[in-house]
Amino acid sequence: MLTIWGIALGILIQAVATVVWALAIGNAQLFKDGVDWVYDVVLYGIAALVFGRDDRAERMAAVAIGVVLAVAGLHTLYDLWDKIQRPRPIEFWTLGFAAASAIVIALLVIAALWRFRREENPVIKATWLSSRNDAISTTGFALLGLAARVAPVRWPEYLFDLFVAGLCFQATWAIRRSLRRGAVSEAAQPGLRNKAQTDAASGL
């Protein structure tokens with residue numbers, strides 16, 4: 001729980017610093033990059049609030065995280081449409097520094113959550129999938145997306161946006177499957193207990 005709270009606080013600090021800087025220099029693209037961090041703050045905040053509580057709270061939180069990821073995917077598709085309609089100018093050094101900072105944070109989050117990647121707990125799984133998406137998308141945008149923005153053509157950036165949206169929807173689907181497996185397992189437990197009791201009675 002402390003790990004998740006630490007991640008949420010660190011991302012919030014990064015988001016606020018990026019937004020303040022963007023407002024100070026009047027950079028709309030940098031402002032959007034800062035606002036995009038709100039998804040991560042919400043995700044990790046939800047996970048931290050419910051972690052360690054009862055199963056019902058954790059399942060509800062996993063559903064909420066899945067919804068947030070789906071909204072992030074839809075937002076990515078909307079932003080892609082907006083980029084096509086109104087191509088944005090690029091300030092290489094400003095956005096390059098922001099991208100480098102984002103990569104560092106994403107890798108630190110991955111390092112903090114790496115040992116939890118095999119967990120089937122829905123909240124932990126949702127948190128890990130979100131951090132995985134961030135690491136892939138952030139690194140990809142820094143190494144590929146930023147270069148694509150300054151290139152004479154924009155289609156590589158657009159393709160990468162579609163890939164990131166797909167990751168969000170895949171994570172939502174994975175969370176849903178995890179919740180269904182948990183529900184099936186819980187439903188089977190009473191039957192197993194009843195069978196065990198019947199067998200014991202038959203033995204007597």
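Among contacts in the chain (heavy atoms within 4.5 Å) between residues at least 6 apart in sequence, 77% join residues at least 24 apart. This is a predicted model, in which local features need pLDDT of at least 70 and side-chain atom pairs count only at pLDDT 80 or more, while totals for chains, interfaces and linings use all residues. Residues are numbered from 1 along each chain as its sequence is written, and side-chain values use heavy atoms, with hydrogens and water left out.

**Whole chain.** Show the cartoon: there are 7 helices and 0 strands. Helices (H or I, at least four residues) and strands (E, at least two) are DSSP runs, numbered from the N terminus. Of the 204 residues, 43% count as buried, where buried means under 20% relative accessible area with a 1.4 Å probe, protein chains only.

**Helix 3.** Select residues 38–50. These 13 residues reach 18 Å from the first C-alpha to the last, close to the 18 Å expected at 1.5 Å a residue; the expected span is 1.5 Å times one less than the number of residues. The buried residues of helix 3 include Asp40, Leu43, Tyr44 and Gly45.

**Asp40.** Pick Asp40, in helix 3. Asp40 counts as buried because its relative accessibility is 6%. Apart from neighbours within four places in sequence, Asp40 is in contact with Ile11, Ser130 and Asp134.

**Tyr44.** Move on to Tyr44. Leaving aside neighbours within four places in sequence, its contacts include Ile4, Ile7, Ala8, Ile11, Val109 and Leu113, along with Ser130 and Asp134.

**The largest nonpolar core.** Select Ile11, Tyr44, Ile65 and Ile175: of the 32 residues in the largest nonpolar core, these touch the most other members. Helix 1 (2–25), helix 3, helix 4 (55–85), helix 5 (92–113), helix 6 (122–150) and helix 7 (155–203) each supply at least two residues of this core. The largest share, 7 residues, comes from helix 3. A nonpolar core is a set of buried Ala, Val, Leu, Ile, Met, Phe, Trp, Tyr and Cys residues joined through side-chain atoms within 4.5 Å.

**Helix 3 against helix 4.** Show these two helices together. Their axes, lines fitted to C-alpha atoms over the stretch in contact, with angles from 0 to 180 degrees between N-to-C directions, come within 9 Å and cross at roughly 175°. Helix 3 and helix 4 are therefore roughly antiparallel to each other, a term for angles over 145 degrees. Among the residues making the contact are Tyr39, Val42 and Leu43 of helix 3 and Ala57, Ile65 and His75 of helix 4.

Methods:
Buried < 20%, exposed > 50% of the residue type's maximum accessible area, 1.4 Å probe, protein only. Parallel < 35°, antiparallel > 145°, perpendicular 65-115°, else oblique.
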